[in-house]
Each structure stands twice: as C-alpha cells, then as structure tokens.
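Hi,

Here is the structure I promised to pass on. Have a look at it first, and then read on for what turned up.

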Amino acid sequence: MKQKTSEYLESHQSETSSKWREEAEWRRENKTWLIYSKRIAVMLLSYMKREHLTQSAMAERMHCTQQYVSKILKGTENLSLETLTKLEQAMGERLIAC
C-alpha cells in the first residue's frame with residue numbers, strides 16, 4: 001500500500017518546486033508590519049465600497065496606478081509614509097495616529 005501511494009505521488013509530482021516554505025518564513029519574518037498592512041487594506045476596501053469607488057478611481061485620487069491600489073488591497077504591501085499620506089489625503093481620514 002505504501003509503495004502504491006509513493007508511486008502515485010511521484011507520478012503526480014509537479015514539475016516546478018513549491019515555494020510554500022519560503023512564503024511561510026517570509027510571513028513569519030514580516031508578521032508585525034503585515035498586520036498593519038492588512039488592517040489598512042480592510043479600511044481602504046471599506047472606504048471604497050462606502051464611496052462606490054473602483055480601484056481606478058482610487059488610484060486617480062492617490063495619483064498612482066490601479067495596479068498599486070490592487071497591491072495595497074492584498075494587504076501584503078510594505079507601505080511607505082508617503083503612501084500612507086496619499087491614502088489619508090485621498091480618503092480624508094486618519095489611518096495612523098502619532
């Protein structure tokens with residue numbers, strides 16, 4: 001039985017290696033700022049839904065690309081102070097308090 005299972009798994013093995021370990025280590029190493037990035041992504045998504053804004057419309061307000069707004073909404077973007085300021089100005093809301 002074990003040999004059949006091993007043979008089956010080997011015959012169905014992917015051609016490309018998985019990056020799950022590297023990705024898991026990256027998430028663990030960056031856990032602290034990823035928490036904030038995800039919170040900001042949720043706040044931005046809520047704002048966009050409330051204001052009926054598309055990613056393109058939000059990008060216009062922020063003076064950036066739609067692709068960058070998409071990255072922010074994924075919650076895995078290490079946001080700079082400049083980007084945080086652009087978000088705050090576009091939303092008219094404070095995201096961080098000092």
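Ala-24 sits in helix α2, where helices (H or I, at least four residues) and strands (E, at least two) are DSSP runs, numbered from the N terminus. With a relative accessibility of 27%, Ala-24 counts as partly exposed; the cut-offs are under 20% relative accessible area for buried, over 50% for exposed, and partly exposed in between, using a 1.4 Å probe and protein chains only. Glu-7 is 17 residues away from Ala-24 along the chain, and their C-alpha atoms are separated by 28 Å.

Before going further, a word on where this comes from: it is a predicted model, so local features need pLDDT of at least 70 and side-chain atom pairs count only at pLDDT 80 or more, while totals for chains, interfaces and linings use all residues. Residues are numbered from 1 along each chain as its sequence is written, and side-chain values use heavy atoms, with hydrogens and water left out.

Now the whole chain. The protein chain has six helices and zero strands, so from the N terminus on you read α-α-α-α-α-α. Its radius of gyration is 20 Å, whereas a compact globule of 98 residues would have one near 13 Å. That radius is taken over C-alpha atoms, and the globule rule is 2.2 Å times the number of residues to the power 0.38. Along the principal axes, the C-alpha atoms fill a box of roughly 65 × 30 × 20 Å.

Of the 98 residues, 23% are buried. The accessible surface comes to about 7,900 Å², with 52% of it belonging to carbon and sulfur atoms; these areas come from the Shrake-Rupley method with a 1.4 Å probe, and for residues only the protein chains shown count as cover. As for contacts (heavy atoms within 4.5 Å), take those between residues at least 6 apart in sequence: 50% of them join residues at least 24 apart.

On charges, the chain has 16 positive and 13 negative ones, and their mean positions are 5 Å apart. Lys and Arg count as positive and Asp and Glu as negative, while His and the chain ends are not counted. The place of a charge is NZ of Lys, CZ of Arg, CG of Asp or CD of Glu.

Gln-13 is exposed, at 58% relative accessible area. From Gln-13 to Ala-41 it is 28 residues in sequence and 36 Å in space, C-alpha to C-alpha.

Compare that with Ala-59 in helix α4. Leaving aside neighbours within four places in sequence, Ala-59 is in contact with Cys-64, Thr-65, Gln-66 and Val-69.

Ser-37, in helix α3 (residues 31-51), has a relative accessible area of 2% and is buried. Apart from neighbours within four places in sequence, Ser-37 contacts Gly-75, Thr-76 and Glu-77. Thr-83 belongs to helix α6 (residues 81-91) and counts as buried at 9% relative accessibility. Not counting residues up to four places away in sequence, Thr-83 touches Met-62, Tyr-68 and Ile-72.

Then the aromatics. Rings of Phe, Tyr and Trp (its six-membered ring) pair if their centres lie within 6.5 Å; planes under 30 degrees apart count as stacked, over 60 as edge-to-face and the rest as tilted. That rule gives one aromatic pair. Trp-26 and Trp-33 form it edge-to-face, at 5.9 Å centre to centre and 85° between the planes. Trp-26 is partly exposed at 37% relative accessibility, and Trp-33 is partly exposed at 23%.

Last, some backbone angles. Most residues other than glycine have a negative phi. His-52, however, has a positive phi near 55°; this residue is in the loop between α3 and α4 (55-62) and is exposed at 71% relative accessibility. His-63 also has a positive phi, about 60°, although it is not a glycine. You will find His-63 in the loop between α4 and α5 (66-74), exposed at 69% relative accessibility.

Over to you!
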